[in-house]
Amino acid sequence: MATSAGPAAPSTTSNAPVAIVCVGMAGSGKTTFMQRLVSHLYTHPDPTVREPAVPKTPTAPPYILNLDPAVHHVPFTPNIDIRDSVNYKEVMKQFNLGPNGGILTSLNLFSTKIDQVISLLEKRTKPPEPVAEPEQTTVEFMTNTGKATPVPESQQVKHILVDTPGQIEVFVWSASGEILLSSLASTFPTVIAYVIDTPRTTSTSTFMSNMLYACSILYKTKLPMILVFNKTDVQNADFAKEWMTDFEAFQDALRKEEEGGSFGGEGSAVGGGSGYMGSLLNSMSLVLDEFYKHLSVVGVSAMTGEGIDEFFKGVNAKKEEFERDYKPELERRRAERESAKVAHRQRELSKLMKDMNVGPSKGKKPAKPRPTTTEEPDTVSDAEDMDDKSDNAGFGNYDEIMEDNDDSDDADYADTDDTLQSRYQTALKNSGASDDQDMSFLRMMHKAKLG
Ligand SMILES: Nc1nc2c(ncn2[C@@H]2O[C@H](COP(=O)(O)OP(=O)(O)OP(=O)(O)O)[C@@H](O)[C@H]2O)c(=O)[nH]1
């Protein structure tokens with residue numbers, strides 16, 4: 001277990017911005033922690049910026065995503081806010097859902113826009129073009145008006161902060177949560193910050209519950225994780241760090257709690273004598289020893305700002321770990337998915353060819369890039385506005401999103417058309433059929449978009 005990132009070592013990481021996804025139980029302080037991170041980045045000098053003329057350049061403002069559709073108020077201004085796209089209350093009403101179902105459905109609806117979100121993030125975090133004069137290093141980005149504006153290197157986004165709903169399972173275990181996280185992680189180095197309410201974790205059983213939860217998130221997301229023991233202004237987190245590094249210290253605490261009758265064993269005022277909890281926790285702590293080794297642990301106070309520097313050191317260390325250990329695996333999985341997709345399409349096409357009694361494929365043209373619009377949206381909300389001015393209760397444009405997906409299929413089919421048409425024409429020529437037949441088939445293909 002790494003309890004601290006130590007002194008700043010020479011970095012081997014890329015310049016890509018790091019995405020920090022804040023996950024934690026309701027009330028653990030995720031939103032307050034996010035606010036603290038934002039204000040820290042705005043006010044603290046960035047040691048990595050190469051601008052000797054301005055030694056105290058603040059770290060570039062972060063790019064902020066709010067993925068909690070049910071939050072009333074966020075104490076920062078998110079660049080992308082799920083509430084701009086989906087009306088959580090309306091979702092509950094229209095689909096007759098409870099609060100958790102409402103959050104889940106809102107996330108599902110929002111995840112259909114993940115491509116737009118990622119392309120916006122990519123645009124905002126674009127690295128500077130290489131130029132001759134280092135002091136003139138700038139990056140072009142689009143303003144609301146669509147006009148290109150130079151951005152100094154010091155202001156390039158280096159951190160993407162993501163706030164998530166307190167219902168962890170709704171985010172981490174849902175299909176939409178997986179889509180959002182995997183899309184983010186396949187584009188940027190991504191780190192999970194698991195926020196823990198320290199004052200409510202002082203007993204061995206609540207501590208162990210939290211560790212098991214963190215463990216399940218780590219294995220589900222397969223992303224590097226930092227345990228953030230929050231609210232250290234109320235309760236110091238040293239006890240937790242000790243329990244994670246010294247098995248005997250945890251055993252001692254467990255014994256004391258057992259003797260005090262905390263687990264319903266002998267001498268307990270409640271329950272009566274099962275005492276299984278003590279031995280279960282004992283075994284758990286042994287099992288989790290391996291898991292602790294993969295974590296960074298920091299104690300912070302989102303209220304006072306204590307420990308935030310150490311947190312960012314931990315983020316840098318985890319970013320390196322991501323690029324070293326996680327990225328190759330992610331890329332391998334992505335390549336696997338891509339080749340499976342290509343093989344599937346090829347199989348389908350061959351089947352079609354067989355049905356039509358046309359010869360086998362001699363290769364396929366790569367997919368055409370989708371046409372881009374000249375006017376670029378600034379946020380997902382803007383993108384939606386451009387798509388559909390009449391946003392009906394947030395998900396009125398859902399159908400249109402589905403249409404968008406159809407469009408992309410059309411692009412694939414159009415690609416298939418070309419190949420199919422040329423192959424059909426060749427086969428027709430070889431068989432000596434008349435031009436009339438040729439034209440009627442092409443007309444039919446054009447009409448059906450596939451043939
Ligand atoms: N003393 C202290 N209180 C904190 C700290 N961080 C958060 N709180 C308090 O904890 C409560 C919950 O904080 P939030 O930031 O709303 O927690 P959350 O995890 O975003 O909550 P949900 O949105 O419900 O998931 C608030 O009353 C905060 O003021 C801290 O570092 N110290």
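Visitor: How do you know at what angle helix H3 and helix H4 cross, and how close do their axes come?
Guide: A word on the basis: this is a predicted model, where local features need pLDDT of at least 70, side-chain atom pairs count only at pLDDT 80 or more, and totals for chains, interfaces and linings use all residues. Residues are numbered from 1 along each chain as its sequence is written. Now, the axes of H3 (residues 88-95) and H4 (residues 99-111) cross at roughly 110 degrees and come within 9 Å. Axes here are lines fitted to C-alpha atoms, for helices over the stretch in contact, with angles running from 0 to 180 degrees between N-to-C directions.

Visitor: What makes H3 and H4 parallel or perpendicular to each other?
Guide: Angles under 35 degrees count as roughly parallel, over 145 as roughly antiparallel, 65 to 115 as roughly perpendicular and the rest as oblique. The crossing is at roughly 110 degrees, and H3 and H4 are therefore roughly perpendicular.

Visitor: Which residues of H3 and H4 meet?
Guide: Tyr88, Val91, Met92 and Phe95 of H3 meet Gly102, Ile103, Thr105 and Ser106 of H4; contact means C-beta atoms, placed from the backbone, within 7 Å. By class, the residues of this contact are five nonpolar, three polar and no charged. Ala, Val, Leu, Ile, Met, Phe, Trp, Tyr, Cys and Pro count as nonpolar, Asp, Glu, Lys and Arg as charged, and the others, Gly among them, as polar.

Visitor: Why are the buried residues of H5 said to line one face?
Guide: In helix H5 (residues 114-124), Gln116, Val117, Leu120, Leu121 and Arg124 are buried. Seen down the axis of H5, these buried residues fall within an arc of 135 degrees, so they line one face of the helix. The arc is that of the directions from the helix axis to the C-beta atoms.

Visitor: How is aspartate 115 classed?
Guide: Aspartate 115, in H5, has 14 other C-beta atoms within 10 Å and is therefore partly exposed. Aspartate 115 and serine 183 are 68 residues apart in sequence, with their C-alpha atoms 8.2 Å apart.

Visitor: Which residues come nearest to the ligand?
Guide: Gly29, Thr31, Thr32, Gly166 and Met303 come nearest, out of 17 residues around the ligand; a residue counts as near if its C-beta atom, placed from the backbone, lies within 6 Å. This shell has five nonpolar, nine polar and three charged residues.

Conventions: Helices (H or I, at least four residues) and strands (E, at least two) are DSSP runs, numbered from the N terminus. Two residues are in contact if their C-beta atoms, placed from the backbone, lie within 7 Å. A residue is buried if 20 or more other C-beta atoms lie within 10 Å of its own, exposed if 12 or fewer, and partly exposed in between; C-beta atoms are placed from the backbone.
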